[in-house]
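Please open the model in your viewer and follow the stops below. Each stop says what to select and what is there.

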Amino acid sequence: MNSKSKINETIRLFRTAPHPCSYKKEETAATVFVDPELNISQHLNSRLTELGYRRSGAHIYRPDCKHCNACISCRLVVEEFRRSKRFQRIWNRNADLRVEESSELNNDEAYLLYQEYIKKRHSDGDMYPATPEQFDTFIRSRTEGGKYFCFYLEEKLIAVAVSDVLDTGLSAVYTFFDPLLEKRSLGNFAILWQIEQVRATGLEYLYLGYWIKDCAKMEYKSTFRPLEMLMKGEWVLEESRLITEQPECTLVSS
């Protein structure tokens with residue numbers, strides 16, 4: 001990392017050197033990381049998430065590109081969310097699943113599921129091939145308030161949602177699932193499940209990470225409404241104007 005700065009007297013930020021962008025062809029990107037030696041409490045994670053940061057494994061980061069602002073933080077307003085007919089069908093289709101919540105993820109079954117998911121869904125990206133070391137650093141490394149929602153079909157693990165409990169809701173960090181069970185729409189179902197968890201605790205938001213216009217693998221996020229987006233430091237309700245004004249991108253890597 002080639003530079004560092006402060007957002008206050010106690011938190012240092014480190015900025016990466018320019019590197020190839022994962023989403024826009026022939027573009028370079030830069031990323032700001034929170035000091036990796038800092039202990040990230042649930043409250044600090046909450047505050048950073050509200051400021052547009054995102055957790056990946058043990059790292060808290062945000063894009064910091066000079067000439068592009070295509071990556072936009074988004075969150076669902078849970079109290080106002082109503083399932084569409086499509087989402088209700090997905091919910092009903094998965095009514096036979098059992099969900100277990102855990103603060104640890106230690107079994108081999110989870111790694112094999114993750115390995116198969118990366119192989120079938122992200123073989124064109126830098127996460128392929130999956131390794132036990134990658135699984136440990138990306139999935140099993142967590143911060144205070146981290147949870148795993150494990151979805152079982154009878155006794156078989158078919159999906160895992162990695163989630164952070166925040167002061168105002170949940171942050172959907174990552175989800176992986178059995179890629180052969182496409183008809184179940186397990187990725188969408190995991191979001192629907194987390195929405196109900198937020199609702200049950202009386203909190204406000206489900207944070208969905210970054211949304212990027214015209215990126216097919218992020219398109220699903222905009223189907224959950226009402227969606228708020230972080231624009232110029234303020235959370236604003238999504239409007240069609242906001243979407244059409246954002247820079248275009250082409251997904252070249254997962």
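Buried means under 20% relative accessible area, exposed over 50%, and partly exposed in between (1.4 Å probe, protein chains only). This is a predicted model, in which local features need pLDDT of at least 70 and side-chain atom pairs count only at pLDDT 80 or more, while totals for chains, interfaces and linings use all residues. Residues are numbered from 1 along each chain as its sequence is written, and side-chain values use heavy atoms, with hydrogens and water left out.

Start with Arg-93, which counts as partly exposed because its relative accessibility is 37%. Arg-93 lies in helix α2 (residues 85-93); helices (H or I, at least four residues) and strands (E, at least two) are DSSP runs, numbered from the N terminus.

Next come the salt bridges, each a side-chain nitrogen of Lys or Arg within 4 Å of a carboxyl oxygen of Asp or Glu. The whole structure has 17 of them.

Select Glu-196 and Arg-83: their closest N and O atoms are 3.5 Å apart, in a salt bridge. Glu-196 is in helix α5 (residues 186-200) and Arg-83 in the loop between β8 (72-77) and α2, so the pair ties together parts 113 residues apart in sequence.

Now select Lys-156 and Asp-178, which form a salt bridge at 3.5 Å, N to O. Lys-156 is in strand β11 and Asp-178 in the loop between β12 (169-177) and α5, 22 residues apart. Are these two buried or exposed? Lys-156 is partly exposed at 46% relative accessibility, whereas Asp-178 is buried at 9%.

Finish with Arg-15, Arg-62 and Asp-64, which a network of salt bridges links.
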